[in-house]
Amino acid sequence: MANPEHMEIQQDIENYKTTAGKVSLIDWEAKQHMEDYSAGVRHYDKEEYELAIDFLERALKGYYSEDEDCQIMCEGPQRFEEHEYLEYKAGLYEAIADHYMQVLACKHDCVRELATRSGRISPIENFLPLHYDYLQFAYYRVGDYVKALECAKSYLLFHPDDEDVLENAGYYEGLLEGTMDPDTIKPRKEAKTLLRRHKLESHLLQVAAAGLGYTYTEPNYWNRYGARQDEHSVPSSISSEPEDGPRLSLAKKPMPKPDRELKEGGPLLYSDVKFVYNSEQLNGTQRVLLDNVISEEQCRELHRVASGIMLAGDGYRGKTSPHTPNERFEGATVLKALKYGYEGRVPLKSARLFYDISEKARRIVESYFMLNSTLYFSYTHLVCRTALSGQQERRNDLSHPIHADNCLLDPEANECWKEPPAYTFRDYSALLYMNADFEGGEFIFTEMDAKTVTASIKPKCGRMISFSSGGENPHGVKAVTKGQRCAVALWFTLDPLYRELERIQADEVIAMLDQEHLGPSEMNINPKDEL
C-alpha cells in the first residue's frame, strides 16, 4: 500500500487472494488520522463537501489524540547521540538537563511524526493547517458560515499573513453581520493550545542549546508550500454566488523554488534535428519533443547491436519482468556495448554508435534547456520491452508504472518525496526511440495524481522526449501489447559527484581506441570533454 505502483506485488496479492479465498487486506502500518485526512481530501476534490467535513473533522480529532500519545511516548529513556563518546563526563545536573532537553526535542518533533506517512521519511508539508484550510471552504460551501470563519481563524494562527484566507475571513464576517457579532467567533481551542505549546518548546530548546553548548536549528514545520490542490473558488455555474466570494489560500501547490533558473529554447546544435513541441505544447514544465535525432539507418544499426548485447532483467537484478509480468524487459549499458565491440562479439562501429548518440543527446539536452553548468551522465541504458504472447488479453496495467525520476511519487498525498531510495541527484531525463513497429507503448505524462494524462507520445525512430526529472514530470509507459519497443534511456545530473562510473570507464575505452587508431568518431566527440 506504500508502493501502489509496484505491479509484481499487486500480482502476488491477487495470487494470495486466489489461494486463500476471499480475504480482507489490512494495512497495519496505516495511521488512521492520515487515512481520514486522505479520504476527506478525496471527497473535497469531488465537491462532496459534507462527506469531506465528516472525514476532515474525524482526522483532526484523531490527530490531536495521536499527539497526546506521541507526547507521552517521549517521556521514556532517550539516546544522546551527540554525547556517545568516552570523553563525555556530564555532572548530575548536566545529565538531567540533557535528558529533559532530549525529551523536549522529541515532543517538539511530534508535529513532524504525525505528518509523515508510513514508509516515508519526509512529512506532508503544512499538514495540520491544511485541515483548517480545507474545512473553512467546505463549511462555506454547505452554508455554515460560523464554522467557516472559525476554521479560517484557526488556519490564520499558523499563517497570520495569508492574504487569501484573511480575505476569506473578512468575507465570512460580512455574511454574519446582522445575525451575530463575528468577533465572538474564535479560533479553535485545541489549535491555539498546540501552537502555544509548540512555540514554548521552540523557545526552551533554543535557550538550552545556547546554555549547554550544542547546536539546534528550528525546522520549518508549517511550510506554506503545502496548499490545497483545487483551482476553483466559487464555480462559475453557480450564479447565486457573488464574484468576490472566498478564495483559496493558494490556487495551485507551487513546486519548491529550484536552485537554478529554469530556461528552455536554446539551440539544438544539429541541423538535422527537428523541433516538435515545447513545454507549453506538452502541457507541462521543462519538456521538449524532438524528431530526427538519429537516422533510420542508425536506428537499424542500434537494433542489431541491441539483439547481440542485451540481457534479460539488466539493471533490475535479473528480474525479466520488473514492471509487469506481461512483458519481458532487456537492457544493456554503453560500457557493455563497447566491451563486446572490442572483443569482436558485435561490430565495433555499431557499439561505438551507442556511445556517440548518447553523447549527442546529452549535448542537445544541455543546450536546449540552457544550462549554465555541465550536464553529466547519471545512467545510460539501451532497453527493449517485448509483449509476451498469450498474456495480452484484458491487460489493465502499464509497461512502466507512473513515477518520477528523482523522487518517490505519492499520488494520494499529491507529493513527490525527494528521499532514498529515489535517485535524488538526477536532474534531467531523455528517451531516444529506435522503432515504431509495435502496438501500444505510448509514453505519457500525468498530473501528480498519476491518473490525469497531460500528454501522450507515440515512439518512432529518431524521436526523443526530454524533461526535468522531478515531481513536476510524472510519467510512465502504456502497455506494449504486440511486438518489441526499444529505446535509449538517459538520465543526467548536474552534480559531478554522481557521474555514471560506467560512463567514465567507457570514456577511457574510447580514448584507448582512438590511440590505437581503430576508427575516429563520426561526430568528432572528444571523450576528455566528459572528464
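Which residue lies over the face of F55? R58 does, at 4.7 Å from the ring centre. The criterion: a charge sits over a ring if NZ of Lys or CZ of Arg is within 6 Å of the ring centre and within 35 degrees of the ring normal. R345 lies over the face of Y340 too, at 3.9 Å from the ring centre.

Some ground rules. This is a predicted model, where local features need pLDDT of at least 70, side-chain atom pairs count only at pLDDT 80 or more, and totals for chains, interfaces and linings use all residues. Residues are numbered from 1 along each chain as its sequence is written, and side-chain values use heavy atoms, with hydrogens and water left out.

Now helix α11, residues 334-342. Helices are DSSP runs (H or I, at least four residues), strands likewise (E, at least two), numbered from the N terminus. In α11, 7 of the 9 residues are buried, so the rest of the structure largely encloses this helix. Buried means under 20% relative accessible area, exposed over 50%, partly exposed in between, with a 1.4 Å probe and protein chains only. The buried residues are V334, L335, K336, A337, L338, Y340 and G341.

What covers them? The cover includes α10 (296-309), β3 (311-312), β4 (327-332), α12 (348-368), β5 (376-387) and α13 (501-515). Contact here means heavy atoms within 4.5 Å. After α11 comes G344, with a positive phi near 85 degrees.

On to α12. Of its 21 residues, 17 are buried, so α12 is also largely enclosed. Its length checks out: at 1.5 Å a residue it should span 30 Å, and its end C-alpha atoms are 30 Å apart. The expected span is 1.5 Å times one less than the number of residues. M370 follows α12, its phi positive, near 55 degrees.

Last topic: rings. The structure holds 22 aromatic pairs. Rings of Phe, Tyr and Trp (its six-membered ring) pair if their centres lie within 6.5 Å; planes under 30 degrees apart count as stacked, over 60 as edge-to-face, the rest as tilted. F425 and Y498 are stacked, 4.5 Å centre to centre, with 0 degrees between the planes. F425 sits in the loop between β8 (415-417) and β9 (428-433), Y498 in the loop between β15 (480-493) and α13, so the pair ties together parts 73 residues apart in sequence. F425 is partly exposed at 22%; Y498 is partly exposed at 40%.

F443 and F445 go edge-to-face: 5.0 Å centre to centre, 85 degrees between the planes. Both are buried.
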